[in-house]
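The following paragraphs lead the reader through one protein structure step by step. Please keep the sequence and the three-dimensional view at hand while reading.

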Amino acid sequence: PPGHRAPAVSTPSQPPATRGLERVSKGKFAVAAVTLDDYLPMRSTEVKNRTSTDGIKSLRLITAVKTPYLPDGRFDLEAYDSLINTQINGGAEGVIVGGTTGEGHLMSWDEHIMLIGHTVNCFGANIKVIGNTGSNSTREAVHATEQGFAVGMHAALHVNPYYGKTSTEGLISHFKEVLPMGPTIIYNVPSRTSQDIPPPVIEALSCYSNMAGVKECVGHERVKCYTDKGITIWSGNDDECHDSRWKYGATGVISVASNLVPGLMHSLMFEGENAALNEKLLPLMKWLFCEPNPIGLNTALAQLGVVRPVFRLPYTPLPLEKRVEFVRIVEAIGRENFVGQKEAQVLDDDDFVLISRY
């Protein structure tokens with residue numbers, strides 16, 4: 001009736017577990033929509049306790065490891081295991097799984113996370129496993145990094161958003177979303193992303209406890225800019241890593257060449273300045289990058305007989321004259337310094353298998 005007020009109905013306070021949840025009605029059942037403020041990283045205490053940022057910062061030789069394939073394009077895990085064991089025996093202290101060299105960009109995320117988990121499961125006690133879980137989508141980078149740490153990786157590698165480039169503030173915001181999850185190496189490679197990560201971005205992120213350091217591909221002066229400020233740096237360029245390490249303060253290198261000559265790369269990073277060894281290795285390093293990585297490495301490992309000559313497109317092998325040149329480089333450096341047991345051979349075009357569906 002007019003003037004009548006309905007009695008007040010007391011509403012019980014929400015339990016802590018449901019505070020911040022908005023009940024959204026969709027058909028028969030209500031759905032809980034979690035607000036951004038309630039997002040909790042999917043962390044594992046066990047994984048967190050077995051990895052540390054300082055443990056990553058101390059690594060001098062990290063190999064960006066190749067992913068080998070079976071004839072139908074699936075992973076050749078037996079060849080992969082052999083490659084990892086060779087890296088361990090050659091003195092590498094860490095491996096990047098599914099990076100540019102490992103062709104993470106040609107993998108589904110299921111393949112990607114499986115390979116990280118496989119590497120941790122089989123080799124995590126003997127070598128640090130750094131999973132490339134970066135993406136140009138922050139959402140994907142967050143999701144993949146959660147899964148990578150959940151399967152036990154020791155650290156994550158993160159590139160800045162590529163193609164869909166962003167602002168300086170966007171770069172900082174992107175990395176801030178993944179840094180809380182665990183030890184993180186930021187990868188600056190403008191030749192691939194078309195955008196440099198400028199020093200103010202790295203300096204803004206350096207206060208994070210999980211910021212392990214930077215894989216830097218810009219050059220010696222950038223390396224020195226960071227090492228003067230106490231920021232850990234790995235050279236991302238094999239042909240510059242000796243001088244970056246011994247003249248400009250880099251901790252070490254994240255290397256492609258160490259897939260082929262891990263022992264020599266270990267010597268280059270651990271045994272002091274050695275201009276003669278560096279000069280000896282430069283022809284190999286330059287050969288590896290005569291076409292975009294990992295084309296040269298894929299060709300070389302096939303010619304050494306340690307992986308099947310299978311390429312996932314769009315990668316194709318180096319031309320015949322470059323394959324002949326590689327055999328000469330192996331002879332000059334010494335076959336005993338390279339991975340594998342077979343003699344280096346010049347493969348014919350018909351020996352290679354190019355896979356477009358896998």
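**Strands and helices of the predicted model**

Strand β6 (residues 155–159) and strand β7 (residues 184–188) run parallel and are joined by four bridges. Within this pairing, L157 has I185 of β7 as its bridge partner. In general terms, the strands of a sheet pair through backbone hydrogen bonds, and the pairing is either parallel or antiparallel.

Eight strands form a closed barrel in the order β3-β4-β5-β6-β7-β8-β9-β10, and the pairing is parallel. From one strand to the next, the twist averages 25°.

Where does the barrel close? The order of strands begins with β3 and ends with β10, and three bridges join β3 to strand β10 (residues 252–255), the two running parallel. Strand β3 also pairs with strand β4 (residues 94–97), again in the parallel sense and over three bridges. Residue I62 takes part in both pairings: its bridge partner in β10 is I254, and its bridge partner in β4 is G94.

The side chains of strand β3 (residues 61–64) may now be considered. L61 and T63 point one way from the strand, whereas I62 and A64 point the other way. Are these four residues buried or exposed? L61, I62, T63 and A64 are all buried. For the protein chain as a whole, 51% of its 358 residues count as buried.

Helix α4 (residues 109–123) lies across β4 and β5 (128–132), and it runs at about 175° to β5.

A further example is a pair of helices. Two packed helices are described by the angle between their axes and the distance between the axes. The axes of helix α5 (residues 138–150) and helix α6 (residues 168–178) come within 9 Å and cross at roughly 20°. Angles under 35 degrees count as roughly parallel, and α5 and α6 are therefore roughly parallel to each other. Their crossing is right-handed. Which residues meet there? From α5, T138, A141, V142 and T145 meet H174, E177 and V178 of α6. By class, this contact comprises three nonpolar, three polar and one charged residues.

Finally, the chain may be viewed as a whole. Its secondary structure comes to 14 helices and twelve strands. Among contacts with a separation of 6 or more, 69% are between residues 24 or more positions apart.

Methods:
Residues numbered from 1 in each chain as written. Predicted model: local features only at pLDDT ≥ 70, side-chain atom pairs only at ≥ 80, totals over all residues. Heavy atoms only, no water. Axes fitted to C-alpha atoms, helices over the stretch in contact; angles between N-to-C directions. Parallel < 35°, antiparallel > 145°, perpendicular 65-115°, else oblique. Left-handed = near helix turned anticlockwise from the far one by under 90°. Contact = heavy atoms within 4.5 Å. Nonpolar A, V, L, I, M, F, W, Y, C, P; charged D, E, K, R; others polar. Buried < 20%, exposed > 50% of the residue type's maximum accessible area, 1.4 Å probe, protein only. Pairing = 2+ DSSP bridges.
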